[in-house]
Amino acid sequence: MNRLYIKSRDTAQKTVEGLYKDLERRIIASPPGQCPVDLTASFLRLCHSQSCGKCVPCRVGLGQLQHIIDNILDIDGEKDMESIKLMEKTAEAISAMADCAIGTEAANMVLRGIRGYREDFESHIKNRTCAEHIRSNIQAVPCVAMCPAGVDVPGYTALVKAGRYADAVRLIRKDNPFPTVCALICEHPCEMRCRRNLIDAPINIRGLKRFAVDNCGDVPVPEKMDDTGKRIAVIGGGPSGLSAAYFLSIMGHKVTVFEKRTQLGGMLRYGIPNYRLPRERLQWDIDAILSTGVEVKCDYDISSPDAMAEIRDNYDAIYISIGSHNAKSIGIPGEYAKGVIPAVEMLRGIGDDAMPDFAGKAVVVIGGGNVAMDVARTAKRLGATDVSIVYRRRRDDMTALPDEIGGAIAEGCDLVQLKAPSRIETDKHGEVKALWVKPQIAGQADASGRPKPVDSSEPEQKIPCDIIISAIGQATDIGFFEQFGIPVFRGNIKAARSSVVDTVGGIYAGGDCVTGPSTVINAVAAGKVAAANIDTYLGFNHEIQVDIEIPNPDPSDNLPCGRVEMKERYAKQRGNDFDEVEQGMSLEEAMLEASRCLRCDYHGFGSFRGGRDTKW
């Protein structure tokens, strides 16, 4: 009689594990706009199926929760508001008494749902249907729904596949006047819920956009509509302000952009290095925007009562879209020593071609976001012998994009994790000599879901350096606007989702000055929203559209296929210059990637709901 056997997976277990992977892909591809109550019921069934049955709270309680939610979803079921109270009490009891995480976390999931979308439960009880925001705001195409600006992704993907690159750029510009910028640096949220995840991997949407702008040639902007006689002031020449100016100018309004810096672009020019966004590529988008007739006044500081009063007296509406150009303080002793440089100031100088000299110096960068990666990689290109990125959390908790972190490491930057800056040591001349850090350990998760760093018992450690670059965050200088009655809340202008500033008629605000530092596509979306609502405020209802016929999809079996990834120059080659790092797709690669698109605008729910928004 054998006592032991080597463990092996039987066919059933292998099949189940494959089904788990299929389920993971289906969850990843779950589009926004689905009924959260229905999803909660589905997740709860899965959790209940995992119960071992040992403890009553999990074995019986999860079944009761499932019964309550099913009854709420049942059109003919008898229910009232007491159902929500019963569900909440049941979940709280399971969370407190279940033996293991299978029961407690399933109950906690239900509790988060009750607190996060209670109105959806109430709608199913009162109206026996999904909430209004689900029924009226469903975007049938996942990539379009995930794009803040609502760009027609399947449309321009089909145009790329058809070789109509100029039409693809024209279609993108209907919603986003920065096609080149977004093709190079967008964080591509459109890929997050791509339905191609159900088969293999999301479409490389940003890569296809880049192929279009790389091969489109000269693409004229739409013709301006009839002159309205209205004048609009845009304060801030960054992506949000220029987007609003572009659309408003096409609508026939007279738009003037007031920019504090010597050149337009905002953080696109003064915050993103040339190796990621070459200046000539940025200028191509800006020139297209200005070709609509937008007037520009650079080196214009509005922070004087006379300047602001003149704008208010001479313009029918104002859009405030200033960026977050102020650095946040580190808050440690020695932070004002010689050799401590705020990242935003360093990048701002580089934007005006004032390059610092880091040759032969050891540089420490404090921070874990994209800006920290940008200044670290820039310092390396400026001749620094050693570049260390110091972050108080783990690499997995960094807010920087994984590709940016990997790029910095590949180019020779050292990543120092779980080290919190404690003080800066200086020499007798007051110049930086070293950064002292306190080792950390990853503790309990904070509100963002990331483990909160806490001090460890290890002693402080010394990192010798000549330059310290602070990249721990940015703030917006908006104190001046308060003097004119513009509401400010927690360092940002208080504006509605429509971009309107309620307390002051005719003034709108959007972008970083409202949300805090964000992405370029969010800034573009804010400018689009502001343009539409300013147009309505002025008494018009202009529609932005393009007359482009989208090719019909080709019959396809949609077999699994590898995703085309963007290539980069070798790290040893690119780390010593400011030439562009990323390389675009070849024609063969672009055609292969475009053919992977499932054309959700034509198939499934996309066809049922109409699929495409042709104007706004």
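Me: Where is Arg 490 found?
Reply: The model is a predicted one. In it, Arg 490 sits in the loop between β16 (488-489) and β17 (492-493).

Me: Why is Arg 490 called exposed?
Reply: Its relative accessibility is 76%. Exposed means over 50%, so Arg 490 counts as exposed.

Me: What makes the phi of Arg 490 worth noting?
Reply: Arg 490 has a positive phi of about 55 degrees, although it is not a glycine. Most residues other than glycine have a negative phi.

Me: Arg 599 also has a positive phi, of about 55 degrees, without being a glycine. Is Arg 599 buried or exposed?
Reply: Arg 599 lies in the loop between α24 (587-595) and α25 (605-608). Its relative accessibility is 7%; buried means under 20%, so Arg 599 counts as buried.

Me: How do you know that Asp 175 is buried?
Reply: Asp 175, in the loop between α10 (165-173) and α11 (179-185), has 2% relative accessibility. The cut-off for buried is under 20%, and therefore Asp 175 counts as buried.

Me: What makes the pairing of Asp 175 and Lys 528 a polar contact?
Reply: Their side chains are joined at 2.7 Å, and a polar contact requires N or O atoms within 3.5 Å. The side chain of Asp 175 also makes a polar contact with that of Lys 174, at 2.9 Å.

Me: Why is Arg 231 called partly exposed?
Reply: Arg 231, in strand β1 (residues 231-235), has a relative accessible area of 33%. On the surface, Arg 231 gathers with Lys 224, Lys 254 and Lys 297 in a patch of positive charge.

How values were computed: Residues numbered from 1 in each chain as written. Predicted model: local features only at pLDDT ≥ 70, side-chain atom pairs only at ≥ 80, totals over all residues. Heavy atoms only, no water. Patch = residues over 30% accessible without salt bridge, like charges linked within 9 Å, V, L, I, M, F, W, Y side chains within 5 Å. Areas by Shrake-Rupley, 256 points an atom, 1.4 Å probe, with all protein chains shown as cover. Salt bridge = Lys/Arg side-chain N within 4 Å of Asp/Glu carboxyl O. Lys, Arg positive; Asp, Glu negative; His and termini not counted. Charge placed at Lys NZ, Arg CZ, Asp CG, Glu CD. Helix = DSSP H or I, 4+ residues; strand = E, 2+ residues; numbered from the N terminus. Buried < 20%, exposed > 50% of the residue type's maximum accessible area, 1.4 Å probe, protein only. Polar contact = N/O pair within 3.5 Å; in protein donor to acceptor, adjacent residues only side chain to side chain.
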